[in-house]
Amino acid sequence: MTFNQLKALVLLLAIPVGFALAVRLGREAEGYAKPQRFVRLHYGISPESLYYLPFSMLENVALARWAPGKTIVIVAGNSILNGYGQAERDVWTLRLQEELGDRYVVVNLAFRGALPYEAGALVAESLLRRNYPVVLVSNTSPGTVGRVAGNAYGYLYYDALYKGRLFNHPARDANIAEWEATATPAVRAEQDELRRAARLDANLRFQALWHHVGYRHLFTTWNPHTRPQFWQARASAVDNLPVAPPLAERFRTEVASELTITQGFSVNLAEPDGSGSWRVLGPPAEIVSDLIEDMIPPKMRRHMVMLLTQNAPFYRTRLTPTELARDNLVFSAYEQQWRKHGIAAHIVGLDFTDEDYYDRSHLAAAGGRKLARLTADYVRQISPP
Amino acid sequence: MIFNTYWFVLFTVVFFPGYWLIRWPAARGWWLLCGCAVFHTHFAGPAGVVPIVVLGALTYACALSGNRLLCYGAVAACVIALVGYKYTHFLSAEILAAIAPELGAKTNAIAATWLPAIPPLALSFFTFEFVHYLVDVARGHAPIRRPKEFALFAIYFPSLVAGPIKRYQDFTAALPKALGRVELADVAAGAQRVALGFCKKILLADNLTLALAFHEKDFFALTAPEAWLFLAALAARILLDFSGYTDIALGFSQMLGVRLPENFNYPYAATGLRDFWARWHISLSSWIRDYIYIPLGGSRHGRFRRFLNLVVAFALCGLWHGPAGHFLLWGLWHGGGLVVQATYRTALGPLGAKLGAGFDRVPLLGWLVTLLFVAFGWLLFFYPVAQAWAMAVKLLTFR
């Protein structure tokens with residue numbers, strides 16, 4: 001054997017050896033409890049900055065402060081529950097922890113733009129499946145449920161699914177299969193790729209290794225949220241989500257478009273009943289009902305608090321009396337809709353003031369405190385200390 | 001990018017060990033052909049495969065007949081297919097509509113009903129290879145006799161998506177050796193090349209793509225140094241992206257024992273535009289030289305025809321990159337640049353002679369001018385003409 005052949009052989013042997021070593025390290029990395037001093041998911045640790053936290057990392061965060069005898073309160077949902085508009089030290093889930101006391105461990109896994117039963121919600125499902133005492137708090141608007149797959153955080157569903165973390169729920173599988181069958185070829189190809197990635201990762205754990213390196217040592221992908229030093233370890237990324245300015249400076253921009261959105265919360269969900277009042281439209285309510293049934297395993301439902309988050313009074317008071325009546329009817333109807341499936345649903349924000357809101361939908365620190373008090377009661381109702 | 005899909009990872013894991021483990025050349029050839037077919041079918045879909053199979057069968061049969069007329073007929077069929085699938089919308093909605101708006105709109109509407117939304121995968125690439133093959137056979141080269149060998153030439157997966165554009169004589173000469181025995185050194189060198197390509201593509205080019213996409217929205221608010229940095233990033237991005245992809249293609253091919261032609265040779269080190277085109281996308285520029293420029297007459301019919309041929313060849317080269325006016329202008333920009341490079345010494349009289357002597361004495365000057373020329377050309381390549389013009393003005397006025 002010549003020297004060049006020997007060199008080639010060494011290199012080619014190094015490839016499988018290096019690969020096996022990486023798999024081993026990935027399995028190690030999967031067990032690490034990171035991030036430390038976790039408050040919430042911010043730009044630095046979010047898919048928004050191309051940091052696609054693996055499911056195991058979210059689970060580790062949820063379990064990091066847990067001890068036997070404590071109930072884990074997973075806060076999922078969207079930017080409203082993420083605390084967008086509140087400084088890190090004022091995030092409402094810190095107040096919720098104070099309200100609930102030591103018998104509960106509150107973990108904020110809400111992602112901006114997430115659906116009510118997506119991303120962080122699946123962590124709650126995984127923990128419940130492993131018999132941890134869990135309460136899931138999430139939020140939505142009337143008419144919104146969505147699927148666990150096919151959205152920005154759909155990768156977490158496949159990640160959890162192929163690692164055997166979720167309840168067996170055939171209705172969910174069938175619903176997703178049915179949706180995919182009618183999707184465009186591009187969407188189907190994208191879903192296929194996500195599934196392949198998750199299946200491979202279930203054996204090889206490359207996501208855990210990669211995100212551990214990205215969190216602790218070095219990140220390699222440019223993105224606007226962490227520029228200019230995009231390569232810095234994500235552990236050093238600071239929570240710089242926007243904070244509500246003084247009240248006089250709020251509700252000043254995009255008032256017309258935000259008002260249209262507020263009107264839109266109920267416009268397609270109810271129709272005039274002919275006597276000057278409103279009735280809830282059947283088909284959208286049925287879709288919501290079917291999606292709740294299909295997406296959320298029955299075992300999970302009695303461990304859930306679903307908050308139907310209302311818009312700021314600044315906008316609600318600008319609705320006409322008829323629009324306001326429709327809005328109230330729709331919120332109440334959809335609250336009942338969730339309750340019919342055994343989920344503790346509550347409308348929140350009706351008695352909040354403009355002071356409590358950062359913008360149309362997000363809460364300022366004052367609103368966060370109110371939300372924490374209300375949510376603490378709801379959590380205690382389904383999981384007494 | 002096809003090479004960094006999970007599908008391709010799985011394909012690689014199954015295909016390559018199988019290829020290396022099979023010792024019988026004929027069986028290895030069949031395994032390679034199956035791999036290529038699976039790869040092509042997966043990424044192109046049945047609707048994308050059928051036209052290629054039809055064109056491939058036609059090309060093979062016509063070349064095999066040895067009849068020159070049939071060969072050129074097949075060339076025409078390939079070109080018509082390319083124009084039909086890829087350029088009908090551009091020709092009807094932009095060119096014809098500019099002359100006769102109603103007719104343009106009508107043609108475009110008709111075309112939209114029978115053409116797929118996107119042309120078959122790598123149609124331009126297939127057309128260029130088929131045309132090369134047919135023309136060479138018509139010129140007297142021996143055709144490929146075995147259908148399996150021709151099919152391998154046609155759908156050889158490493159070069160399928162972004163080239164390089166192969167020459168069948170080199171490929172068919174390399175194939176029996178590769179199918180007979182794969183050298184360990186080739187596999188190792190190929191793996192290193194693949195790794196280099198992925199680094200260039202993913203670590204560098206993709207990051208530049210993200211940064212450019214973010215900053216192009218506020219390009220006109222950038223300071224002058226930032227705007228020039230943007231231009232430099234734009235130029236670096238396309239080189240790293242394309243040459244990275246080519247490294248991956250060449251690397252995978254070398255791992256199969258087949259050496260594909262190099263496509264890049266430090267193009268940004270060129271000291272003149274002609275030098276640049278001898279280093280950039282070499283397989284395309286040599287194809288254009290051999291199958292457009294020379295058949296048009298090359299430099300055989302006087303200076304005017306030579307320059308006209310050059311401009312026409314580069315206009316077509318521009319259009320090859322995509323059916324849009326800015327690609328055409330990018331081609332004309334380079335064609336025009338080559339004409340200027342070939343004529344300025346005499347056309348400008350004593351000033352031209354002095355300039356030429358200056359470039360000869362200080363190659364750094366030629367390098368700088370070439371680099372700037374190419375970089376400004378990329379504005380035309382990536383952006384609509386009006387936007388490219390406004391960006392160029394901002395850069396040149398240092399605002």
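**Figure 1. Contacts across the sequence of chain B.** In this predicted model, take the contacts in chain B with a separation of 6 or more: residues 24 or more positions apart account for 66% of them. As for burial, 38% of the 399 residues of chain B count as buried.

**Figure 2. The overall build of chain B.** Chain B has 16 helices and zero strands. Its radius of gyration comes out at 23 Å, close to the 21 Å that the globule rule gives for 399 residues, so chain B is as compact as a globular protein of that length. Laid along the principal axes, the C-alpha atoms of chain B fill a box of roughly 65 × 50 × 45 Å.

**Figure 3. Where chain B meets chain A.** Here 14 residues of chain B are in contact with 16 residues of chain A. On the chain B side, α1 (6-21) and α8 (184-215) each supply at least two of the residues that touch chain A. The most comes from α8(B), which gives ten residues. Sorted by class, this side of chain B has twelve nonpolar residues, two polar ones and no charged ones.

**Figure 4. A closer look at B:Ala97.** B:Ala97 sits in helix α3 of chain B, which runs over residues 68-99. Leaving out residues up to four places away in sequence, B:Ala97 touches B:Ser92, B:Gly104 and B:Ala105. For a view across the chain, B:Gly349 is 252 residues away from B:Ala97 in sequence, and their C-alpha atoms are separated by 43 Å.

Definitions and conventions: Residues numbered from 1 in each chain as written. Chains lettered and ligands numbered in written order. Predicted model: local features only at pLDDT ≥ 70, side-chain atom pairs only at ≥ 80, totals over all residues. Contact = placed C-beta atoms within 7 Å. Helix = DSSP H or I, 4+ residues; strand = E, 2+ residues; numbered from the N terminus. Nonpolar A, V, L, I, M, F, W, Y, C, P; charged D, E, K, R; others polar. Rg over C-alpha atoms; globule rule 2.2 N^0.38 Å. Buried ≥ 20, exposed ≤ 12 C-beta atoms within 10 Å, placed from the backbone.
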